[in-house]
Amino acid sequence: MKQRITTGIIAAGVFLPLVFIGGLPFVIIIYLMATVCLFELFRMKQQSVISLPGFFSFILLWVFLLPSEYSFIFQHIDGGRTEILFLGLFLLLSLSVLSKNGFSYEDVAFCVLSVFYVGIGFSYIIETREAGLVYVLFGLLLIWATDSGAYFSGRKFGRRKLWPDISPNKTVEGFIGGILSALLVAVIFYQFTDLGTGISIWLLLFYSIILSVFVQLGDLVESAIKRHFHVKDSGTLLPGHGGVLDRVDSWLFVMPLLHFLQLI
């Protein structure tokens, strides 16, 4: 526990100042984190990163993450970034032929889905920060409140297993505690920031319940991936926590959802 807390404090000390600074420094740290997450997914599958599929996958991820303000880079390509992503998909499919199915259709699907799984979530983190500091802080604090509330409620009151086949330590009581903690964050933001401008407190609370559910769903999805590949953690970069993907799995679901719910 002590190691976990120490790592969390150090990681927050590095990440949060960049959240407040925003701009290029924030984009750079997001690129680094997303790159590590994709590397961890490849390692879980025991898929080589030093290979043509690895090369194409990381290029696709970096194109995916490119903020809209840098879209001029693709101004001479009809359709821009979307066409680059399609080209990457076709190249990966072509490798299955060139390798005589040594690099199979399932391997192509893994690469493409991994890029989208990591890329969609992290690209929306960048967009959320561009929309305003209050939005990304709301998303992060809601995620952390849900995680903490679920953890401590589960330890104190947990009796009924939530989804033992995927994550045996999660409980129904922890799930509810996570939602209640998220609602507290929503009330604070409604009272002391301009997040609630043009929206009622009841609608914000309703949205926060949905977001909190997806925080925990994102965690379960990553647990399912790890169970599929028979690994305990996505990596070892963060002592006491595992890998970077272990820490941001919920972000990948919540940040896009903030936009889909039109909170931004």
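This is a predicted model: local features need pLDDT of at least 70, side-chain atom pairs count only at pLDDT 80 or more; totals for chains, interfaces and linings use all residues.
**Exercise 1. The cysteines**

Solution. 
Step 1. A disulfide needs two cysteine sulfur atoms within 2.5 Å. For C111, the nearest cysteine sulfur is that of C37, 16 Å away. Because the limit is 2.5 Å, C111 is in no disulfide.
Step 2. Seen from C37, the nearest cysteine sulfur belongs to C111, again at 16 Å, and C37 is in no disulfide.

**Exercise 2. A nonpolar patch**

State which residues make the nonpolar surface patch of about 370 Å², and describe where F55 is placed.

Solution. 
Step 1. The patch is made by L52, F55, I59 and W62.
Step 2. F55 belongs to helix α3, which covers residues 52-65.
Step 3. The relative accessible area of F55 is 48%. Exposed would require over 50%, and buried under 20%, so F55 counts as partly exposed.

**Exercise 3. A covered helix**

Find how many of the ten residues of helix α10 are buried, and list them by name.

Solution. 
Step 1. Helix α10 runs over residues 251-260.
Step 2. The buried residues in α10 are W251, L252, V254, M255, P256, L257, L258 and H259.
Step 3. That makes eight of ten, and α10 is mostly covered.
Step 4. After α10 comes Q262, with a positive phi near 60°.

**Exercise 4. Positive phi in loops**

For Q46 and H230, give the phi value, the loop and the class of exposure.

Solution. 
Step 1. Q46 is not a glycine, yet its phi is positive, about 60°.
Step 2. Q46 sits in the loop that links α2 (23-45) and α3.
Step 3. The relative accessibility of Q46 is 74%. The cut-off for exposed is over 50%, so Q46 is exposed.
Step 4. H230, likewise a residue other than glycine, has a positive phi near 60°.
Step 5. The loop holding H230 lies between α8 (201-229) and α9 (244-248).
Step 6. With a relative accessible area of 73%, H230 is exposed.
Result: Q46 is exposed, and H230 is exposed.

Notes:
Residues are numbered from 1 along each chain as its sequence is written. Side-chain values use heavy atoms; hydrogens and water are left out. Patches are made of residues with over 30% relative accessible area and no salt bridge: like charges are joined within 9 Å, nonpolar side chains (Val, Leu, Ile, Met, Phe, Trp, Tyr) within 5 Å. Accessible areas come from the Shrake-Rupley method with a 1.4 Å probe; for residues, only the protein chains shown count as cover. A salt bridge is a side-chain nitrogen of Lys or Arg within 4 Å of a carboxyl oxygen of Asp or Glu. Helices (H or I, at least four residues) and strands (E, at least two) are DSSP runs, numbered from the N terminus. Buried means under 20% relative accessible area, exposed over 50%, partly exposed in between (1.4 Å probe, protein chains only).
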